[in-house]
Amino acid sequence: MDTLKSRVTLLHTNDLHSHLERAARIAGYVKQTRRKVPQDRLLLVDCGDFLDRARPETEGTLGKVNRSLLRAIGYDALLLGNNEGLTYTFEQLDSFYRDLSIPVVCANFRPMYPNRKVDWLTPSLVVVKSGLKIGLIGLTAPFSEYYRLLGWHASDPFEAAYAEVRRLRGEVDAIVVLSHLGLSLDERLAAEVPGIDLILGSHTHHLLEKPLYVGQTAISAAGQFGTHVGHLELVPGTEEKQIFIRGGCYPTDGLQEDEEALRIIEAERELAKVRLSRVVAVLKEPLEWEPDKESPLSVLLAAAVRRKTEAQISLVNAGQFLGGLPAGEVTEEMIHALCPSPINCCVMRLTGREILQVMEESLLPEFYGMPIKGFGFRGKVLGTLCYDGLQAEIDLARPPYQKVLHVRIGDEPLDPEREYEVGTLDMFSFGVGHLSLKNGRNVRYLLPEFIRELLWDALRDEELVNDSRRSRLRLVNGNQA
């Protein structure tokens, strides 16, 4: 076999998270590559989290800007990541991929109910490039409980991978896995599932400038936010089904942005601004916000979460916001700018002792000033906790973990041994920030509304808004929070 003619150029991207200008650079790089490589020798795939609703153009167009860019760049296959799968309803996700004319490959993801069929989703795909049969298998992170609530079934990725590799191995020349599992699971996949030639990774935003090998399996990943693009060569060996992987991931800094992509972004930006200009509430007075102390906007969110979850108390972190709200009209765009995180609320059971623990932690700078990344969080720092449904006395002059003096829930003192229903945010159940909240029991997630949507309703409730200015934490000894 003439390896020069039969080699395949494989371009791959991952975790762009709606960094649209970087997507425009990648579009330019792809076009430049296409001028050098014939279409029948070029394969282009994305490994998920191409979109992110923290970006106003994505939010304001329900992902239409991302759809248009996927088409313009010309991908051959896609994998959905958690930012696609978890941040839209079943109907919205179906609408996003339907008629896109790009197959979505994922072996461990399917509709939960048989009557809900989606033609755009396939467990695997065989493509022929340069005479080589390449089997593409997709695997996404199985946030099973979340997906169940949205009408999807996410199964064990290792079982799915093993079944698809076994089915395809005899009929293809190479197997490439598109993975949205994270690096540690990719390494385990390479070690435990024989027959995979290449894993293209994502989800944990890891950058592998050169392929990493686990046994005979190569692993490549292009970092995050479009700062790199993967450019590999699949080169057949002299033995049957022998494939060598060449190349790596290269920075996109300095690449020319594609003009067509820039026009798409600008046009959708204008449409998004129109949609997000909808007025959701009118405030008579400003709603102040501080990241490191109790303030009305964060308390209002806590009240909105408590109302949604119907819990005894609620707690939210002030770091969900990036600023306060002025008096006057409040638009969707303003709320999105202040609260961009695609985060949902949940309810869990905590003992009084566990509640006291997180309350004490929240008063310490190493907690409220803690930078947080991932798990849906798009703020800067964790921020202090704000509450609804409880009253407490705080002495900030006392030593750490002795600052909370008295706590009442309703008309009764907090009982350290009793369990309480607590409304809070889903990210805490994953062990972010306050680790003791990960130990919450009987966790129940409330989807699909994001916390910013709960805030829309709360801002229209004048009684709730006025009550948010009432302090839940009384500072003693003249301390200032």
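These questions and answers cover selected residues and salt bridges of a predicted model.

Q: Where does Asn 14 lie?
A: Strand 1 covers 8–13 and helix 2 covers 20–36. Asn 14 lies in the loop between strand 1 and helix 2.

Q: Is Asn 14 buried or exposed?
A: The relative accessibility of Asn 14 is 1%. Buried means under 20%. Asn 14 therefore counts as buried.

Q: Which backbone oxygen does the side chain of Asn 14 reach?
A: The side chain of Asn 14 makes a polar contact with the side chain of Asp 15 at 2.9 Å. At 2.8 Å, its side chain reaches the backbone oxygen of Gly 223.

Q: Is Gly 215 buried or exposed?
A: Gly 215 sits in the loop between strand 12 (207–214) and strand 13 (217–222). Its relative accessible area is 61%. Exposed means over 50%, so Gly 215 is exposed.

Q: How many Å apart in space are Ala 272 and Glu 192, C-alpha to C-alpha?
A: Ala 272 is in helix 10, residues 259–276. In sequence, Ala 272 and Glu 192 are 80 residues apart. In space, C-alpha to C-alpha, the separation is 45 Å.

Q: Which residues does Ala 272 touch, not counting residues up to four places away in sequence?
A: At 3% relative accessibility, Ala 272 counts as buried. Its contacts beyond four places in sequence are Pro 56, Glu 57, Gly 60 and Thr 61.

Q: How many residues apart in sequence are the parts that Lys 31 and Glu 260 tie together?
A: The side chains of Lys 31 and Glu 260 meet in a salt bridge, 3.0 Å from N to O. Lys 31 lies in helix 2 and Glu 260 in helix 10, so the pair ties together parts whose separation in sequence is 229 residues.

Q: Is Asp 94 buried or exposed?
A: Arg 98 forms a salt bridge with Asp 94, with the closest N and O atoms 3.0 Å apart. Arg 98 is partly exposed at 40% relative accessibility. Asp 94 has a relative accessible area of 15%. Under 20% means buried, so Asp 94 is buried.

Q: Which strands hold Glu 393 and Arg 474?
A: The side chains of Glu 393 and Arg 474 meet in a salt bridge at 2.4 Å, N to O. This pair links distant parts of the chain, 81 residues apart. Glu 393 is in strand 21, and Arg 474 is in strand 26.

Note on methods
Residues are numbered from 1 along each chain as its sequence is written. This is a predicted model: local features need pLDDT of at least 70, side-chain atom pairs count only at pLDDT 80 or more; totals for chains, interfaces and linings use all residues. Side-chain values use heavy atoms; hydrogens and water are left out. Helices (H or I, at least four residues) and strands (E, at least two) are DSSP runs, numbered from the N terminus. Buried means under 20% relative accessible area, exposed over 50%, partly exposed in between (1.4 Å probe, protein chains only). A polar contact is a pair of N or O atoms within 3.5 Å; within protein, one must be able to donate a hydrogen and the other to accept it, and residues adjacent in sequence count only if both atoms are side-chain atoms. Contact means heavy atoms within 4.5 Å. A salt bridge is a side-chain nitrogen of Lys or Arg within 4 Å of a carboxyl oxygen of Asp or Glu.
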